[in-house]
Amino acid sequence: MTPLYDASLCWFRRDLRDYDHAALHLALTQSRSVHCVFIFDTQILDKLPSKADRRVEFIWHSIIELQQALEKMGGGLIVLHGNAAHQLPRIARELSVNAVFANHDYEPQAMARDALVAEALHQSGIDFHSSKDQVTFEKHEVLTQAGKPFTVFTPYKNAWLKRLTEDDVTPHEIEKYKKYFAPPTQKSVPTLEQMGFEKTNIIKYIQCGMSGAQQLLADFRARMKDYQDARDFPAVRGVSYLSVHQRFGTISIRELVRVARAETNSGAACWLSELIWREFYFNILYHFPHATERAFRPEYDAIQWENNKALFQAWC
């Protein structure tokens with residue numbers, strides 16, 4: 001098939017991996033040359049209350065590993081620090097790309113940013129494509145029989161499971177198309193200090209990046225059968241510890257669903273249910289964006305709370 005674009009740009013966000021990546025797969029299969037970029041977005045970072053933020057350091061370590069992984073395939077990763085809504089269109093113009101590929105986000109602020117970026121790219125004659133990657137099903141793919149979004153989890157879960165097929169969790173091939181990566185144009189990554197942040201030594205507590213995610217998954221698979229009971233005891237190594245990896249996409253949700261479905265025990269079924277719950281809430285965010293700032297059900301906004309600090313401290 002003849003590529004649609006001479007050059008394109010894949011914008012990494014919450015998908016910090018070099019495999020089973022929807023936007024990267026689409027870019028590589030539709031372009032003769034693909035550049036990659038990640039932007040430490042000051043619109044997000046400048047609002048953080050502490051400069052010793054473990055999330056930022058987790059991303060930083062994961063970005064370094066991602067850049068090295070892409071270089072091994074003949075590509076590279078441009079890493080910028082600034083306002084993403086401004087920086088992305090600028091770097092797209094500088095690289096003279098014809099299109100930008102990214103994966104969907106579902107939070108209202110991120111969707112608003114993407115709309116600004118898409119419009120800026122359009123004014124420069126650059127196409128913007130967004131793909132489903134963070135979830136198995138999104139937006140209008142799992143609805144009630146009346147065609148409405150679900151607001152109760154159990155019916156959503158049942159409909160989700162009924163709809164699921166092997167095609168839904170088939171990985172997006174990257175390695176096969178690595179010859180279309182553009183050679184690296186930048187190898188440096190801004191340090192935490194250059195971005196105004198401090199090291200938190202997060203690596204003492206959790207493995208970062210794709211390799212860290214795979215280590216945690218391998219460890220959890222040996223314990224998954226006990227998950228339903230062990231997850232409730234903080235002193236027991238019962239949970240997967242993969243939440244932050246799911247959040248920033250250092251592991252593929254399709255891979256996790258495949259792993260959960262491959263096991264035939266109550267622990268795996270319980271964990272799969274929680275993966276589905278994660279997708280349920282992505283759909284809540286998309287269909288009911290007010291949930292980010294107010295109660296999901298308006299009547300709960302009227303609840304009067306004591307806000308008694310002494311009682312709260314006693315509870316703690």
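**Figure 1. Buried residues of helix 6 in the predicted model.** Helix 6 covers residues 153-163. Phe153, Tyr156 and Trp160 are buried here. They span an arc of only 60 degrees around the axis, so they lie on the same side of helix 6. The buried residues of this helix pack against two partners: helix 10 (253-262) and helix 11 (266-287).

Figure 2. Ser96 gives a reference for distance: 180 residues separate Ser96 from Ile276 along the chain, and their C-alpha atoms are 40 Å apart.

**Figure 3. A cluster of aromatic rings.** Ring pairs join Phe150, Phe153, Tyr156, Trp277 and Phe280. Across the whole structure, the search finds 14 aromatic pairs.

**Figure 4. The Phe312 and Trp315 pair in helix 12.** The ring centres of Phe312 and Trp315 are 6.0 Å apart, and their planes meet at 25 degrees. Planes under 30 degrees apart count as stacked, so this pair is stacked. Both residues lie in helix 12 (residues 309-315). They are three residues apart, about one turn of the helix. How accessible is Phe312? Phe312 is partly exposed, at 46% relative accessible area. Trp315 has 71% relative accessibility and counts as exposed.

**Figure 5. Arginine charges over aromatic rings.** Arg13 places its charged end over the ring of Trp11. The distance to the centre of that ring is 4.3 Å.

**Figure 6. The crossing of helix 3 and helix 7.** Helix 3 runs over residues 54-72 and helix 7 over residues 209-221. Their axes come within 7 Å and cross at roughly 105 degrees. Angles of 65 to 115 degrees count as roughly perpendicular, so helix 3 is roughly perpendicular to helix 7. Which residues of helix 3 meet helix 7? Phe58, Ser62, Glu65, Leu66 and Ala69 do. On the helix 7 side, the partners are Gly209, Met210 and Ser211.

Technical notes
Residues are numbered from 1 along each chain as its sequence is written. This is a predicted model: local features need pLDDT of at least 70, side-chain atom pairs count only at pLDDT 80 or more; totals for chains, interfaces and linings use all residues. Side-chain values use heavy atoms; hydrogens and water are left out. Rings of Phe, Tyr and Trp (its six-membered ring) pair if their centres lie within 6.5 Å; planes under 30 degrees apart count as stacked, over 60 as edge-to-face and the rest as tilted. Helices (H or I, at least four residues) and strands (E, at least two) are DSSP runs, numbered from the N terminus. Buried means under 20% relative accessible area, exposed over 50%, partly exposed in between (1.4 Å probe, protein chains only). A charge sits over a ring if NZ of Lys or CZ of Arg is within 6 Å of the ring centre and within 35 degrees of the ring normal. The arc is that of the directions from the helix axis to the C-beta atoms. Contact means heavy atoms within 4.5 Å. Axes are lines fitted to C-alpha atoms, for helices over the stretch in contact, and angles run from 0 to 180 degrees between N-to-C directions. Angles under 35 degrees count as roughly parallel, over 145 as roughly antiparallel, 65 to 115 as roughly perpendicular and the rest as oblique.
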